[in-house]
Amino acid sequence: MKNKSFLYKTILVILLAAICIVMIYIGRGHTLYFDNKSMEINGKVVDAPYRTKVFVKGKEVANLNAGDRGMSIWIGPTAHIDLEVTSVKGGDKKNISYKVKLPREYDGVVINLVGLMNEAPYDSYISEFIPLATAVEPVEEEVIVDEMGELGLGEE
């Protein structure tokens, strides 16, 4: 009976470890940044379309003019993105769907939509989002000294 109990506990621990490994893989969250900016592909500059609407899970998350950036959250290893692209002002709208494999090592992923739509190499349209460091200026404190040269800490 003791061996049977040990066997059940061992199986339970292995099962829980397997579930943890699977959840680490499929439950990874990413912040996606969508760039609608011109880029160079194979030595040729490709201009951004006039307007691109980005849909994630059927919900519009960004309405980007040329040169704009939008943002969304995605959980999982592969993002499913739908685009509604208008190449020129007043032109026809074109709907396109993409599946983008997301790098596990990045929390913030920048996807250049122009590169994605024009089948650029993966490394040229996917990059890590690195926020700019902002310097904090020190605040000067003013020390008040009374006429007697004391710091004004109160009456003695």
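This is a predicted model: local features need pLDDT of at least 70, side-chain atom pairs count only at pLDDT 80 or more; totals for chains, interfaces and linings use all residues.
By the ring-pairing rule, this chain has 2 aromatic pairs.

Planes count as stacked when they are under 30 degrees apart. Where do Y33 and F129 lie? Y33 belongs to strand β1, while F129 is in the segment after β10, which covers 126-128; the pair therefore ties together parts that are 96 residues apart in sequence. As for cover, Y33 is buried, at a relative accessible area of 15%. F129 has 25% relative accessibility and counts as partly exposed.

The other pair is Y122 with Y125. Here the centres are 5.8 Å apart and the planes stand at 75 degrees, so the pair is edge-to-face. Both tyrosines sit in helix α3, residues 122-125, and because they are 3 residues apart, about one helical turn separates them. Y125, with a relative accessible area of 12%, is buried. The cut-off for buried is under 20%.

Now the whole chain. How many helices and strands does it have? There are 3 helices and 10 strands. Reading from the N terminus, the order is α-β-β-β-β-β-β-β-β-β-α-α-β. The chain has 156 residues, and 29% of them count as buried. Take the contacts between residues at least 6 apart in sequence: 57% of these join residues at least 24 apart. The accessible surface is about 11,700 Å², and carbon and sulfur atoms account for 57% of that area.

β1 covers residues 29-35 and is mostly covered, with 5 of its 7 residues buried. Which strands does β1 pair with? One is β6, residues 69-75, and that pairing is antiparallel over 7 bridges. As an example, T31 has I73 in β6 as its bridge partner. Another is β9, residues 108-112, where the pairing is parallel and runs over 5 bridges. There, D35 has N112 as its bridge partner.

One more residue of β1 is worth a look: F34. It is buried, and its relative accessible area is 0%. What is F34 in contact with, if we leave aside neighbours within four places in sequence? The list includes V54, V56, V61, L64, I81, I111 and L113. R69 is also among the contacts of F34. Along the chain, F34 and R69 are 35 residues apart, yet their C-alpha atoms are separated by 5.4 Å.

Last, the surface. L12, L15, L16, I19, V22, M23, Y25 and I26 form a nonpolar patch there. Together these residues have about 740 Å² of accessible area. One of them, V22, lies in helix α1, residues 2-26. V22 counts as partly exposed, because its relative accessibility is 46%. F34, by contrast, is buried at 0%.

After that, find β1 with its antiparallel pairing to β6 and its parallel pairing to β9. Then turn to the nonpolar patch, which includes V22.

Conventions: Residues are numbered from 1 along each chain as its sequence is written. Side-chain values use heavy atoms; hydrogens and water are left out. Helices (H or I, at least four residues) and strands (E, at least two) are DSSP runs, numbered from the N terminus. Buried means under 20% relative accessible area, exposed over 50%, partly exposed in between (1.4 Å probe, protein chains only). Contact means heavy atoms within 4.5 Å. Accessible areas come from the Shrake-Rupley method with a 1.4 Å probe; for residues, only the protein chains shown count as cover. Two strands pair if DSSP finds at least two bridges between them. Patches are made of residues with over 30% relative accessible area and no salt bridge: like charges are joined within 9 Å, nonpolar side chains (Val, Leu, Ile, Met, Phe, Trp, Tyr) within 5 Å. A salt bridge is a side-chain nitrogen of Lys or Arg within 4 Å of a carboxyl oxygen of Asp or Glu. Rings of Phe, Tyr and Trp (its six-membered ring) pair if their centres lie within 6.5 Å; planes under 30 degrees apart count as stacked, over 60 as edge-to-face and the rest as tilted.
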